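Here's a quick briefing to read with the model open. Have a look at the fold first, then work through the notes below.

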Amino acid sequence: MMIPLRHTSIVALFALFLATVSSFQLHTHTSIGGQMKSRKSHLTIFADESMPEAVSFDGKDEHKDVNVGVIGCGRIGLVHLAAIKKCPGVNVIMVSNPTVSKAEAAAKEYDVPRFTADAMDVITDKEVDAVWICSPSNVHAEQIKAAAENGKHVFCEKPIATSLPETVEAINACSDAGVKLMIGLQRRFDPNFLRVKQAVINREVGTPITVKVCSRDPSPPPFEYVKDGGGIFADMAVHDLDMTRFLVGEDPIEIMATGSCHIDKSIEGLEGAEAFDTAQAVVRYPGGVTAMIDVCRQSSYGYDQRAELLGTGGMVLTENMYPSTAKIYKPAFTGNADMPYDFFLSRYNEAYVRETVAFCEALVKGEEAPCTGQDGLIALVMAIAAGISAEENRWVRFDEVVSRVFCEKGGSQCSMLAMSDAIPSGFQPTAPDMSHIGDLLNEKPKSKTSFFTSFWEKQFL
């Protein structure tokens, strides 16, 4: 069922976010025997793409088991299902898929006791504590809200929704219900990008100056996928936009983007950024830090995913990945023995596994989700702003996007957005009727460290 957007829900979301930020520490705490004990949280790291026989969590014995259900038994759903089955203290008790034969096959392969064709059977089941939403994007928001209404923690593949208001509604529903919401931004868990992040956190290359991210797919998607998909910034570059924020560790200010069509001429007649198969963007961050993004829907040589960060004391970069490190040397050729990966599940299999394990650990230990609904919200705002910039050929501030959606007619929604840190300061609306709440904003302490940075700092410091 659909849950309407309520002004009180926005306030609740803001309160949750502020509480999360204000409680930031380098160590997490748990109450044992009436006393607070500090312990370092560790993210399980896999050395290769294969799953170990089992995953161990530090301090697992202190917490109860968690029952979960998986919605969607397609390719990505099965990746998450396989990973969950290896996690201690997490039991998969039900799976669903509209084509029930797929759910039945998944249940049999992974020894899940129950299966169904109806996602609501999973969401409303009283024994289920958390759900993994791996269904089509157009039903994500509805399923998130239904899960929240039924008191279930939620892992959801991106996007939360295809529109900003629906995204806020879904986040609000989880906030109101007091349940965790994790969004599948899997590149944050890729060991290559993680090593770059570690170098930033440990100041191995000084403070960031410039970030470059390259993302090129092996081949363009079908016309039907591109049409009504939101365009290249929303359905492809959103990962790269999020990666720049992840690596810089701050919230961006504005963006300049451009796009063109070189590969698939059939999409040229589509609207806005849907007509682009190639795009570039420049993102400005506080302190003059700049990020540059280069994306293309086709690379003749396979997946090309790279990142580089220049700092005041050096540079760190990650090269493209290959199935092996083997090289061939002969008179006519010297180079990699294999071509780069040609399928996203092959390239990011380990990242998908690791993000699943991270949320399982958060559920078992009662900790915050590593990638929150706010992370998904900000990535969507960045993608929308990029599309506006490309269409209007100008710099676009991120607060302008939020103002367009929530403040064109003024009103209480806009006021409440401006009164909170749930949307970072650089994203808060700038409507002219905000002057009457200036004193309230000035009274509110601003945290300089956001939660998405604090989680990763705990892994490396």
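Which residue in E7 is the bridge partner of Ile133? That partner is Cys156. Before going further: this is a predicted model, where local features need pLDDT of at least 70, side-chain atom pairs count only at pLDDT 80 or more, and totals for chains, interfaces and linings use all residues. Residues are numbered from 1 along each chain as its sequence is written, and side-chain values use heavy atoms, with hydrogens and water left out.

**Around strand E7**

- Helices (H or I, at least four residues) and strands (E, at least two) are DSSP runs, numbered from the N terminus.
- Strand E6 (residues 130-133) pairs with E7 in the parallel sense, over 4 bridges; pairing takes at least two DSSP bridges between two strands.
- To get from E6 to E7 the chain goes through helix H5 (residues 140-149), in a right-handed β-α-β crossover. Right-handed means that, with the strands pointing away from the viewer, the path from the first strand over the helix to the second runs clockwise.
- E7 also pairs in the parallel sense with strand E8 (residues 181-184), over 4 bridges, and there Cys156 stands opposite Ile183.
- E7, helix H6 (residues 164-177) and E8 make a right-handed β-α-β unit.

**The seven-strand sheet**

- An open sheet of 7 strands runs in the order E14-E13-E9-E12-E11-E10-E17, with mixed pairing.
- E14 (314-318) and E17 (396-397) are the edge strands; each has a single partner strand, so one side of each lacks a neighbour in the sheet.
- E17 pairs with strand E10 (residues 254-260) in the antiparallel sense over 2 bridges, with Glu254 opposite Arg397.

**Helices on that sheet**

- Helix H10 packs on the sheet, touching E9 (208-216), E10, E11 (278-284), E12 (290-296) and E13 (304-311); contact means heavy atoms within 4.5 Å.
- The direction of H10 makes about 150 degrees with that of E9. Axes are lines fitted to C-alpha atoms, for helices over the stretch in contact, and angles run from 0 to 180 degrees between N-to-C directions.
- Helix H13 (residues 373-392) packs there too, touching E10, E11 and E17, and its direction makes about 60 degrees with that of E10.
- Just after H10, Gly249 takes a positive phi of about 85 degrees.
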